[in-house]
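Colleague: I am new to this one. Could you walk me through how to read it, a feature at a time?

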Amino acid sequence: MVPVLKDLVVPGKERPRFVFFGGKGGVGKSSIAAATAAWLAKNGYKTLLVSTDLQKSQNDILQQEIGGEETPVKGLENLKAINVDAKESIRKHQLEVMKKIESLKGNDWEIQFLKEHWEKNPILPCETASYNVFVEYLNSNSYDAIVFDTAPGGHNFEMIGYPWRHLSNLKRSILAKKEVADITGKVAEIELLEKMSEDNVRAIEKLNSDQTTYLLVLHPEMLPVYEAKRIQESLQPYGIKVKGIVLNEVLPEEHCTGEFFSKRRKLQEKYISLVKKEFPELEVGEVSMLETEVVGLEAVERVAEKLYG
Ligand SMILES: Nc1ncnc2c1ncn2[C@@H]1O[C@H](COP(=O)(O)OP(=O)(O)O)[C@@H](O)[C@H]1O
Ligand SMILES: [Mg+2]
């Protein structure tokens, strides 16, 4: 039996549940991410909505200022949201690295050198810093569910693929430094890089496990089947499986009475059946088009109700 969408986002035994939404810009990923996070929070799960979109769509959707720190969402007790901000991410990542350095066992002078070195050289461009925060959230145990709202375009894959790329860079770096360490006896930095590698290994394990749910958001028009197949293929090298599809902005049947809208609705129905036929292994959910934008908690909750009941 295909699991229903609700079961795919509800936290299981292993927590937190990680939920991602993929798809083209403008299909409703941010709206549906907000709806999912709000629905989870309403059902008693401690939930975090993480946005890495520089456009900060969640400020408009949730109608409040969401900062670079976890911010409580007004009106929903169990929900916090954060706009991951590059500068703030560098600071957070530095703190994590400092904690790791303090746990190393090397000589005092070597530890001191490492601290100064890493304070001066975060070796992180701004963008990469946000990806490190992403890895840290994948390894965090503070929530029952974490819903990610990613920026449009290739950003989604770039972020998801980061733990793999970072791990491969760290491994190369460790190899190079080992040669020097054999001569100089400076081993603390290698230990640090190994600790950082472990974070990525754990993040990858989570992305590849049932803890992670990746859902596609599509409009039931313009060849959504091809789009869905392409995204599935892009995720394959990472071992991430698409678990369900959300067809968004389906025209409500009761309002499609005139010729224009009934024609449009027929077109959508054609694509809805095609998606269901082509992806029998996936749960396909539908969200009808609201008469308003998805702005404010009330609209967000209406979307959630359509999707999860
Ligand atoms: N079911 C819906 N009904 C009405 N408007 C919607 C619906 N889903 C999304 N929208 C609107 O479509 C626009 C794009 O949605 P958004 O969630 O920002 O997409 P994305 O994050 O994929 O770029 C927004 O103005 C949003 O309010
Ligand atoms: Mg968006």
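Modeller: Gladly, and let us begin with strands: two of them pair if DSSP finds at least two bridges between them. Helices (H or I, at least four residues) and strands (E, at least two) are themselves DSSP runs, numbered from the N terminus. Here strand 3 (residues 71-72) pairs with strand 4 in the antiparallel sense over 2 bridges. Please keep in mind that this is a predicted model, where local features need pLDDT of at least 70 and side-chain atom pairs count only at pLDDT 80 or more, while totals for chains, interfaces and linings use all residues. Residues are numbered from 1 along each chain as its sequence is written, and chains are lettered from A and ligands numbered from 1 in the order in which they are written.

Colleague: Which residue of strand 4 is the bridge partner of Thr-71?

Modeller: That partner is Ala-81. The hairpin of strand 3 and strand 4 has 6 residues between the strands, and there Gly-75 takes a positive phi near 95°.

Colleague: How many bridges join strand 2 to strand 4, and do they run parallel or antiparallel?

Modeller: Strand 2 (residues 47-51) and strand 4 run parallel and are joined by 5 bridges. One pair to look for is Thr-47 with Leu-79 in strand 4.

Colleague: Is strand 4 mostly covered or mostly open?

Modeller: A residue is buried if 20 or more other C-beta atoms lie within 10 Å of its own, exposed if 12 or fewer, and partly exposed in between, with C-beta atoms placed from the backbone. Strand 4 (residues 79-83) is mostly covered, with 5 of its 5 residues buried. Leu-79, Ala-81 and Asn-83 point one way and Lys-80 and Ile-82 the other way, yet all are buried.

Colleague: What about helix 5: how many of its 13 residues are buried?

Modeller: The number is 1, so helix 5 lies largely in the open. Helix 5 (residues 108-120) reaches 18 Å from its first C-alpha to its last, close to the 18 Å expected at 1.5 Å a residue; the expected span is 1.5 Å times one less than the number of residues.

Colleague: And how should I read the inside?

Modeller: In soluble globular proteins, nonpolar side chains tend to be buried together. A nonpolar core is a set of buried Ala, Val, Leu, Ile, Met, Phe, Trp, Tyr and Cys residues joined through C-beta atoms within 7 Å. The largest in this model has 65 residues, and Ala-34, Leu-49 and Val-246 are among those with the most contacts inside it. Helix 2 gives the most to this core, with 9 residues. A second, separate core of 6 residues includes Val-97 and Met-196.

Colleague: Which residues are closest to ligand 1?

Modeller: A residue is near a molecule if its C-beta atom, placed from the backbone, lies within 6 Å of it. Ligand 1 is surrounded by 17 residues, the closest being Gly-28, Lys-29, Ser-30, Ser-31 and Glu-293. Helix 2 (29-42) and strand 7 (242-250) are the elements giving two or more residues to this shell, and helix 2 has the largest share, 3 residues.

Colleague: Where is the cis peptide bond?

Modeller: The bond from Arg-15 to Pro-16 is cis, with omega near -5°. Pro-16 lies in the loop between helix 1 and strand 1. Pro-11 is found in that loop, between helix 1 (5-9) and strand 1 (17-22), and is buried, with 20 other C-beta atoms within 10 Å.
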